[in-house]
Amino acid sequence: MGGAVVDEGPTGIKAPDGGWGWAVLFGCFVITGFSYAFPKAVSVFFKELMREFGIGYSDTAWISSILLAMLYGTGPLCSVCVNRFGCRPVMLAGGLLASLGMVAASFCGSIIQLYLTTGVITGLGLALNFQPSLIMLNRYFNKRRPMANGLAAAGSPVFLCALSPLGQLLQDHYGWRGGFLILGGLLLNCCVCAALMRPLEASRPGSGPGPQRPARRLLDLSVFRDRGFVIYAAAASIMVLGLFVPPVFVVSYAKDLGVPDTQAAFLLTVLGFIDIFARPAAGFITGLKKVRPYSVYLFSFSMFFNGFTDLTGSTASDYGGLVVFCIFFGISYGMVGALQFEVLMAIVGTQKFSSAIGLVLLLEAIAVLIGPPSGGKLLDATHVYQYVFLLAGAEVVASSLVLVLGNFFCIKKRPEAAVEEGERHKPPADVRVDSREVEHFLKAEPEKNGEVVHTPETSV
């Protein structure tokens, strides 16, 4: 498949790292909030839906599962659309679809219709907004990109803290149908955010035509030839198997220990509140000049920290222990959320990011559908919550080891041509090479893709 990119940004243009980029960052903050918080927020309507349609919790839970599956699984489709039509048109269409799905859901007469409207249509709409917003953020920020990613990622816990009580309030006053209708109206704000995604334009000196941009594939599968991307994708897929399991089961774990329902639900509030501050803080720290060259290692540490928190949280025997677990889980979860796309951006560069993120999200979609259900089956078989947390922790720790070991061997075992090239340009024996230069999670040939080419994260 071939075709020129409408909105990819002119080749060679420097990211402004500010200016209109702050408006783009605000739009990405809102889009991220809706995308990640909405599947969780609709769960407040589940009891009302169960009563209305005479179904069980597992049937209603499929609504959130389908939403998440669409958000992750349609990654390649979003990449193709962005590479064909550009970010802004795709996001405008996505905002309309997301709103239409919720409005149509308010008129549904069966749970199957809700799967189609709220799950498929709204989920697809959110997916068409989420991925392009990250692509635009990558184009507008380079030096300040870690901080920008952290601030944008903070939209998830902020919106979760806002949408869940709002959904409960709407249900109490207008019922689930009225609540879905109003939420559909709120999702039209995605179109406003789409309007903020102004394409970058390079200034052309003189009146002559600018250089022709080469045609690009609608879905660039060449990223799989980049060992850095392959290692990242493998580690991220393993991580997602266990990453979302503890938040799903921690409230039930507390209730199993005899904690009252209100106090048990407060655990997620603690987790979300810590997450709000952890994400921008992680982005700010990663953006520091001395820290940014090691962003991949910081991401690996975040994954290990999260998995270790799960393993130690399995020993909690009272409410206080679970509160401490949620505090540390919120910190590590926020770090992972702030760094995951920053590291991917650094690995593949701007031009291939639209395809890379779509393929990564597709792989993660498979893991998302496997992770929580596998934890539920383990719980059904053993009736011991500790085993669920141990399984999740082991999976996330394993992902951190895949990333670290893959990074180590990727650098140590470079292709023969790259080694020979390095020998030709080998510095004199009396000149010491900075050890940082061999520690980055990088490609042998960095792409000149519109970013500053010699940043530490994108060149060896």
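Helix H4 (residues 75–85) packs against H15 at an angle of about 165°, and their axes sit 7 Å apart. An angle over 145 degrees counts as roughly antiparallel, so H4 is roughly antiparallel to H15. This is a predicted model, and its secondary structure comes to 17 helices and zero strands. Of the protein's 460 residues, 53% count as buried. Among contacts with a separation of 6 or more, 86% join residues 24 or more positions apart.

**H4 against H15**

- The two helices, H4 and H15, cross in a right-handed sense.
- On the H4 side the contact uses Gly-75, Pro-76, Ser-79, Val-82 and Asn-83. Their partners in H15 are Ser-354, Ser-355, Gly-358, Leu-359, Leu-361 and Leu-362.
- Sorted by class, that H4–H15 contact has five nonpolar residues, six polar ones and no charged ones.
- Seven names make up the buried list for H4: Gly-75, Pro-76, Cys-78, Ser-79, Cys-81, Val-82 and Asn-83.
- Just after H4 comes Gly-86, with a positive phi of about 100°.

**H14 against H15**

- H15 (residues 350–382) also packs with helix H14 (residues 319–348), here at an angle of about 130° and with the axes 9 Å apart.
- That angle makes H14 and H15 oblique to each other, and H14 passes H15 in a right-handed crossing.
- H14 brings Gln-340, Phe-341, Leu-344, Met-345 and Val-348 to the contact. Facing them in H15 are Thr-350, Lys-352, Phe-353, Ala-356, Ile-357, Val-360 and Glu-364.
- The H14–H15 contact divides into eight nonpolar, two polar and two charged residues. Lys-352 and Glu-364, both in H15, are among the residues in this contact.

**Cysteines**

- The structure holds zero disulfides.
- For Cys-81, the closest cysteine sulfur is that of Cys-78, but it is 6.5 Å away and therefore too far for a bond. The cut-off for a disulfide is a pair of sulfur atoms within 2.5 Å.
- Cys-191 is in no disulfide either, with the nearest cysteine sulfur, in Cys-190, 6.9 Å away.
- Cys-191 has 15% relative accessibility, so it counts as buried.
- Cys-78 and Cys-81 are both on the buried list for H4.

**Ala-148 in H7**

- Ala-148 lies in helix H7 (residues 145–153), and its relative accessible area is 0%, so it is buried.
- Leaving aside residues up to four places away in sequence, Ala-148 touches Leu-25, Leu-137 and Phe-141.
- Ala-148 and Phe-29 are 119 residues apart in sequence, yet their C-alpha atoms are 9.4 Å apart in space.

**Positive phi away from glycine**

- Asp-17 isn't a glycine, but it has a positive phi of about 55°. You'll find Asp-17 in the segment before helix H1 (21–41).
- With 11% relative accessibility, Asp-17 counts as buried.
- His-383 is another non-glycine with a positive phi, again of about 55°. His-383 is in the loop between H15 and helix H16 (385–412).
- His-383 has 63% relative accessibility and counts as exposed.

Methods. Residues are numbered from 1 along each chain as its sequence is written. This is a predicted model: local features need pLDDT of at least 70, side-chain atom pairs count only at pLDDT 80 or more; totals for chains, interfaces and linings use all residues. Side-chain values use heavy atoms; hydrogens and water are left out. Helices (H or I, at least four residues) and strands (E, at least two) are DSSP runs, numbered from the N terminus. Buried means under 20% relative accessible area, exposed over 50%, partly exposed in between (1.4 Å probe, protein chains only). Contact means heavy atoms within 4.5 Å. Axes are lines fitted to C-alpha atoms, for helices over the stretch in contact, and angles run from 0 to 180 degrees between N-to-C directions. Angles under 35 degrees count as roughly parallel, over 145 as roughly antiparallel, 65 to 115 as roughly perpendicular and the rest as oblique. A crossing is left-handed if the near helix is turned anticlockwise from the far one by less than a right angle, and right-handed if clockwise. Ala, Val, Leu, Ile, Met, Phe, Trp, Tyr, Cys and Pro count as nonpolar, Asp, Glu, Lys and Arg as charged, and the others, Gly among them, as polar.
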